[in-house]
Amino acid sequence: MTAKVSYGSVEVGTELPAQSFPVTRATLVQYAGASGDFNPIHWNEKFAREVGLPDVIAHGMFTMAEAIRVVTDWTGDPGAVVEYGVRFTKPVVVPNDDKGALIEVSGKVAALLDDKRVRVDLTAMSDGKKVLGMSRAVVQLG
């Protein structure tokens, strides 16, 4: 696959389409099964509270994966992401109700790099709090 976005069509400040990703307790159980991460803070409310958390929280790697979808959907090619890193700043708290939580992600081109690459900075929020810091991806464009 090749990125559907061409290097010549973007500039510093180009905004990627923002997306919102719902997270429920069922989502966390599915992710735990796929990842093998069955830490009880991700599914057991009593345990999460006993260790000082406000409630069950989403897996950090799940949050990270949801955030990068803004980039992969924009480029049309997951393989276009050549580097990606974040700092986990706040947990995504997932209540046991009909709604769960919402991860809201926006991104913009922060730098034009050599070889038709760009750096995209992402902002990921949940419940009004920034849940990922220094969330940056280097992307190979067409």
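This is a predicted model: local features need pLDDT of at least 70, side-chain atom pairs count only at pLDDT 80 or more; totals for chains, interfaces and linings use all residues.

Residues are numbered from 1 along each chain as its sequence is written, and side-chain values use heavy atoms, with hydrogens and water left out. The protein chain has three helices and five strands, where helices (H or I, at least four residues) and strands (E, at least two) are DSSP runs numbered from the N terminus.

**Overall layout**
- From the N terminus on, the elements follow one another as β-α-α-α-β-β-β-β, and the C-alpha trace spans about 50 × 30 × 25 Å along its principal axes.
- UniProt, in an unreviewed entry, lists residues 13-110 as "domain: MaoC-like"; its positions are given here in the numbering of this chain, feature names are shortened, and annotations may be inferred rather than shown by experiment.
- That span, residues 13-110, is 34% helix and 28% strand, and its end C-alpha atoms lie 6 Å apart.

**The sheet**
- Five strands make an open, antiparallel sheet in the order β1-β3-β4-β5-β2, two strands being paired if DSSP finds at least two bridges between them.
- The edges are β1 (15-23) and β2 (81-88), each of which pairs on one side only.
- Neighbouring strands of this sheet are turned by 20° against each other on average, direction ignored; axes are lines fitted to C-alpha atoms, for helices over the stretch in contact, and angles run from 0 to 180 degrees between N-to-C directions.
- β1 and β3 run antiparallel and are joined by seven bridges, with L16 standing opposite G107 in β3.
- β3 (residues 101-112) and β4 (residues 117-126) pair in the antiparallel sense over eight bridges; K108 stands opposite D121 in β4, and V109 has V120 as its bridge partner there.
- These two strands, β3 and β4, form a hairpin with four residues between them, and D115 in the turn has a positive phi of about 60°.

**The crossing helix**
- Helix α3 (residues 60-75) lies across β1, β2, β3, β4 and β5 (129-140), running at about 145° to β1, where contact means heavy atoms within 4.5 Å.

**The largest pocket**
- The largest pocket has a volume of about 200 Å³; a pocket is an open set of points on a 1 Å grid over the protein atoms alone, with protein on both sides within 12 Å along at least five of seven lines, and the probe is 1.4 Å.
- Its volume is the space filled by probe spheres set on the points, which are joined across faces, edges and corners.- Fourteen residues, those with an atom within 4 Å of a point, line this pocket, and K108, D121, L122, T123 and S135 lie nearest its centre.
- β1, β3, β4 and β5 each give two or more residues to the lining, and β5 gives the most, with six residues.
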